[in-house]
Every structure is written in C-alpha cells, then in structure tokens.
Amino acid sequence: MLWKGPNGPGGTMSIWEYANPKKFMQTSGALLPWAVGLSVVTLTVGLIWGFFFTPDDYKQGSTVKIIYIHVPSALMAINAWGMMLVTSLIWLIRRHHVSVLAAKAAAPIGMVMTLIALITGAIWGQPMWGSWWEWDPRLTSFLILFLFYLGYLSLWSAVENPDAAADLTSVLCIVGSVFAFLSRYAVLFWNQGLHQGASLSLDREEHVADVFAYPLWTSIAGFVLLFVTLVLIGTRTEIRARRMQALLAREKLS
Amino acid sequence: MIALLLRDLRLATRAGGGFGLSLTFFLILVTLVPFGVGPESGRLATIAPGILWVGALLASLLSLDRLFALDHEDGTLEQLATAPLPLEAVVAMKAIAHWLTTGLPLALIAPLLGVLLHLPGAAMPALALSLAVGTPALSMIGAFGAGLTVGLKRGGLLLSLLVLPLYVPTLIFGAEVARRGAEGAALGTPMAFLGAITLGTLALLPYATAAAIRVNLR
C-alpha cells in the first residue's frame, strides 16, 4: 500500500514519481481546481457556440446539433477504454496502485460516455433514419463496448480482496481489448453500415464544414477536460478509500 | 497431460458429471424455438443456423462454472498449480476436455436438430463444420471466464456476463459460415477467420487463464 516512488536515474524527475500516492494526491490536488475551471469554461463555450451560434443543416435541420454531444462522448468512450488498457498494463508490469485505481475510476465514466453516445445517437436516428436503433456496425460495436464496461465493473465489485480484484480486472481489460477490437472488425463483416463516416479527419477527405467543426473541436476539448477532471476526482476518492481501510485495519490491530 | 485429459473426460462422462446435460439443453432449445416464432418452415429455415449457433453458445456456458470450481473446492487445483506440469498446459487440457464433452457432441448432433428446424440438407455439412471449428474457441474463452471467477462465491451469473461479450466474434463468423452454407455461397473467408480465432484463442488464452487462476489461488 505505501509504495515509495523511485527518484528516477540520478534523482531527476520521472513520470513514475506520480505512482507514489502522496505525490499524486499533492499534484492532483493542486491541478484539480484548474481542471474543473477549464472544463466548465470549454464545455460552456463549445456547447453554447454549437447550439445557438451555428446554422441549421440544410438537410438535417437543427437535429445536426446533437453532434456536439454525440461525437465527443463517443470519442471519450473509446479513449477511456484505451486509458484503462494502458493503466492496467502499468499495474500488471510495475505494480503501481495509483495506476489501477485510475483505471477503476475511468471505467464508470467511460460507461456513461458510451451510454450518452448510444442515447444521443438514438435520438438523432429516430427523425433521420426513421428508427431508434439499427444493427449497424458502429452502433453494434458500441453496444458491445457497453457490455465490456459492464463486465469489467461487475468483476471489480464481485472480488473482495482489492489486490486480487485489481489483477483480475487488469487481465480482463487486456483480453477484453483484444476481443473488442476483433468484434469491431467482425461486425463490419456481418452487416453493411448506415452510419456516416468520420466527422473529423486530418486528411479532410470527408469532413463536416468548418462552421460546425470549430465548435465541435471546442466541445471535444471540453469533454476531454471533463474526463480528466472526473478521473482525477475518482482516483483521489479511491486512494482516500484505501487509506481509510488501512486506518481501520490498523485500529483493529492495536 | 494425457492423464489429466482422461481424468477430466472420465469425470464428465460418469454419474453427476453433467455430460449429456448440454445436449439435452440444446434439444430443448430447438424444441422451444418453433413455439416462440411459429411453425412455418420457411421462417424456421432462415433462422435455423443462427438458432443452432446461439444454442451452442448457451449450452457451452452451462457447464463452464464447474470447469475449475469443483477442483478448486477439493483442493485439486492447488495440487495442479504446484505440479511440475505448467498451469497453462493444465488449463488448455481442461478446455479441450470441456470441448470434447460439449462442443464436439453439439457439432455432431447439430445436423439432426437442423432437420427439426427445416434446414436444407445442403446446409448441414457447413453447419456441422462451422460448429466443429468454432466451438473449441468457445470452450477456451469460457475457461478464461471460469478462471477469472473461480474463487468467487456467486460467480455463475458474473461468468456469463464476462464470457458472452467475448463470444461475439466467434458467433459472427460461425453463424456466417452456416448462413453461407445454407445459401450455397463460398465459405472460404469466414471459415478462415473462424479457424484463426480458434487457433489464436487456443494459443494465447491459456496464459491469461493461468494468470487469473494464480491470482485466485493466492
């Protein structure tokens, strides 16, 4: 539990310093107000800009505005799982508790993001495609991703020993990533897509118009900041919960 | 390894082992489907490959929670973990024994049950072949789930929640082979993917499963 971080080669700063819970709590405590403020500002600017100061689409009318929630949340749903994969690997390889606690904190946020993407997609799909749900590859992969989040979280809550739970969920996260990736490409094989291609891409082949893209980038930045803020808060809560357990255990011994 | 395989097979086939249970379950499922969707032969024939594949999935799930749990309860699993044989090999053997007692019999009787669902005769070989190639992956993935949940008190429901999403790629390619077989289309591509998934899971998942079991025995 009381893991001491190495000072890195020659006493220089290294990223592993933040694996020390004390150091992590100090730094994240200092960063947190900034993260909260920045995410509130960018989200407000991005969403208000997107909702009130962009024109309606000539074909989709005002339903196009759902993009400012749908695309960022879908992006974060995938990236949250990616972050969990990285932090789970760090836990399995270097046994840093903060890392696996961050993965645990990210999972419910990623799950909610997946749900938001699915629900906003359904609300948009009803007037545009004429149905709430289509068995389209992208939609189906998101539903599968949602199931993976559910399984991961239930394994966390089912295992009593916290270290065993951390190990088992990390192994599940790695295996799950491989299968989620496989499923993503397997569903392409299974059904043709109705969902449009990428809304934002660097080569600008298929792209939304600039007037929609700038507020979209702003709200994406807002969602990223929101995610970072929530993960920081969640990880700090987990660390505090562990400290409380340690104190209780010590009290029982004395 | 062979001795372990034989032991597991013997345990599964003798009284109380549950062998035949999954076959019975498969039969019951196929009997119930026409009650649910109606007896028209055209409709049954179109959904038959999918029903048989989903049935195979559920039937293999039935016996999974016993895969390691019984050995865990009486301490055999600890013995196996400390034996000179690598735990990875033990896990692979147990998955193969599970396949021999559930997946293989299912593949063999699937054409028979296909008759009940009016599956055209030309589709039978593709269906049986897809099940024979695909079900080892189901057993191995299931063994991984069983390894994750072996120490848990109420692991059964959690096991299905963990394992079923992992079954998605296998189900997609397996059902695709069976569907193409029914339509008389070429089987090559989905068959290759299905085989790749089976071989890949058999090669890699024993490591993940053994890691999970070691954590649970700690």
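Me: Helices (H or I, at least four residues) and strands (E, at least two) are DSSP runs, numbered from the N terminus. How many helices are there in chain B?
Reply: First, a note on what we are looking at. This is a predicted model, where local features need pLDDT of at least 70 and side-chain atom pairs count only at pLDDT 80 or more, while totals for chains, interfaces and linings use all residues. Residues are numbered from 1 along each chain as its sequence is written, chains are lettered from A and ligands numbered from 1 in the order in which they are written, and side-chain values use heavy atoms, with hydrogens and water left out. Chain B reads α-α-α-α-α-α-α-α-α-α along its sequence, with zero strands, and its number of helices is 10.

Me: What is the radius of gyration of chain B?
Reply: This value is taken over C-alpha atoms, and the globule rule is 2.2 Å times the number of residues to the power 0.38. For 218 residues that rule gives 17 Å, and chain B comes close to it, so chain B is as compact as a globular protein of that length; its radius of gyration is 18 Å.

Me: Is B:Val215 buried or exposed?
Reply: Buried means under 20% relative accessible area, exposed over 50%, and partly exposed in between (1.4 Å probe, protein chains only). B:Val215 sits in helix α10 (residues 188-217) of chain B. Contact means heavy atoms within 4.5 Å, and, not counting residues up to four places away in sequence, B:Val215 touches A:Ala164, A:Asp167 and A:Leu168. Its relative accessible area is 11%, so B:Val215 is buried.

Me: Which side chain meets that of A:Asp167 in a salt bridge?
Reply: A salt bridge is a side-chain nitrogen of Lys or Arg within 4 Å of a carboxyl oxygen of Asp or Glu. The rule finds one across the interface of chain A and chain B. At 2.8 Å, N to O, the partner of A:Asp167 is B:Arg218.

Me: Which element gives the most to the side of chain A that touches chain B?
Reply: Two elements of chain A give two or more residues to this side: α4 (137-158) and α5 (162-190). With 15 residues, the one that gives the most is α5(A).

Me: What is the area buried between chain A and chain B?
Reply: Buried area is the accessible area (1.4 Å probe) that two parts lose on being put together, summed over both. Here 26 residues of chain A are in contact with 26 residues of chain B. Carbon and sulfur atoms give 82% of the buried area, which is about 2,200 Å².
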